Amino acid sequence: MRTRDLGSLTVPAEGLGCMGMSEFYGTGDQQEAERTIHRALDLGVTFLDTADMYGPFTNERLVGQAIAGRREEVVLATKFGNERREDGSFVRINGEPDYVRRACDASLQRLGVDVIDLYYQHRVDTSVPIEDTWGALGELVAAGKIRYAGISEAAPETIRRAHAVQAVTAVQTEYSLWTRDPEDDGVLATCAELGIGFVAYSPIGRGFLSGEIRSIDDLAPDDFRRRNPRFQGAAFEQNLQLVDRVREIAREKDVTASQLALAWVMAQSDVPGHPPIVPIPGTKRVRYLEENAAAADVALTDEDLARLDEAAPRGAAAGDRYPDMSTVHR
């Protein structure tokens, strides 16, 4: 697996999102999840992404257990800021400095590690000056509890203000063939200007770009995508047309639609004015992990990229990314 530099942090060109192993995407299987993480490390997919809210809390414990004995191989990323109780109920988006410190200590304990490689602010708390939150992150870096700090779903001006207090190593935002907002809202340009890396979550469009979801009934009753506007009604049907255009190009290249979608995201690192971009596709099964990892070897020509731009142009996807968009791009 080749590598990319997120600021001063070197990571594989593709990571692994671990969220779905514990929550949101139907029932999990702990043994299969651990096998998936072990296989990822064997394949060089050593950039693991979790968060305290996933589960809540259980995903960090799962990841910590899976990497025990192999910690030195892993670039470990987790997040704070979406405060939840043990019963799963949501408290608030929290960027208070005292909370940042408590959340970090709790994550270290659940993960069973001495230091977190990349610690993200998961969502921006608009009731707290970003300078205060990032002052606390700077203290955690100085204390040796985290190595680097990142931020998720932040607007360009917020990124700049945070970076002025403590270096932002990575910005994590949804980015894929059907979510190209970072190209238009200034996030990619801001990252490139400031020397910040970009981590793309949901690079396969929450699985939609795989082409395997043909009906809402293909999702488990407790799958959170059932509430996503892009998976509902007329938007679903319109988005299927986008996916089918991508699948046709994938068939011609003899790759899966998921691999093509991932290869497209990785290729965006080479676009002038873009920062280094690393996708972190999520999966809870070994077979999909192996399929996704192979995408790193898919080469796209200029013609391929032009066809994909035509098949999935900016703004082509129907529906918002979330039922409530008020907590993103702050």
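Reader: In the hairpin of S1 and S2, which residue takes a positive phi?

Author: This is a predicted model, in which local features need pLDDT of at least 70, side-chain atom pairs count only at pLDDT 80 or more, and totals for chains, interfaces and linings use all residues. Residues are numbered from 1 along each chain as its sequence is written, and side-chain values use heavy atoms, with hydrogens and water left out. The hairpin has two residues between its strands, and the residue with a positive phi, near 60°, is Gly-7.

Reader: Over how many bridges do S1 and S2 pair?

Author: Strands are DSSP runs of E, at least two residues long, and helices are runs of H or I, at least four, both numbered from the N terminus. Two strands pair if DSSP finds at least two bridges between them. S1 covers residues 3-6 and S2 covers residues 9-12. Their pairing is antiparallel, and the number of bridges is four.

Reader: Are H8 and H11 roughly parallel or roughly antiparallel?

Author: Axes are lines fitted to C-alpha atoms, for helices over the stretch in contact, and angles run from 0 to 180 degrees between N-to-C directions. H8 (residues 233-253) and H11 (residues 302-311) pack at about 160°, with axes 9 Å apart. Angles under 35 degrees count as roughly parallel, over 145 as roughly antiparallel, 65 to 115 as roughly perpendicular and the rest as oblique. H8 and H11 are therefore roughly antiparallel.

Reader: Which residues does a cis peptide bond join?

Author: Look in the loop between strand S4 (47-49) and helix H2 (58-67), the place of Pro-56. Omega is about -5° at the bond joining Gly-55 and Pro-56.

Reader: Is Phe-57 buried or exposed?

Author: Phe-57 is also found in the loop between S4 and H2. Phe-57 is not a glycine, yet its phi is positive, about 75°. Buried means under 20% relative accessible area, exposed over 50%, partly exposed in between (1.4 Å probe, protein chains only). At 13% relative accessibility, Phe-57 counts as buried.
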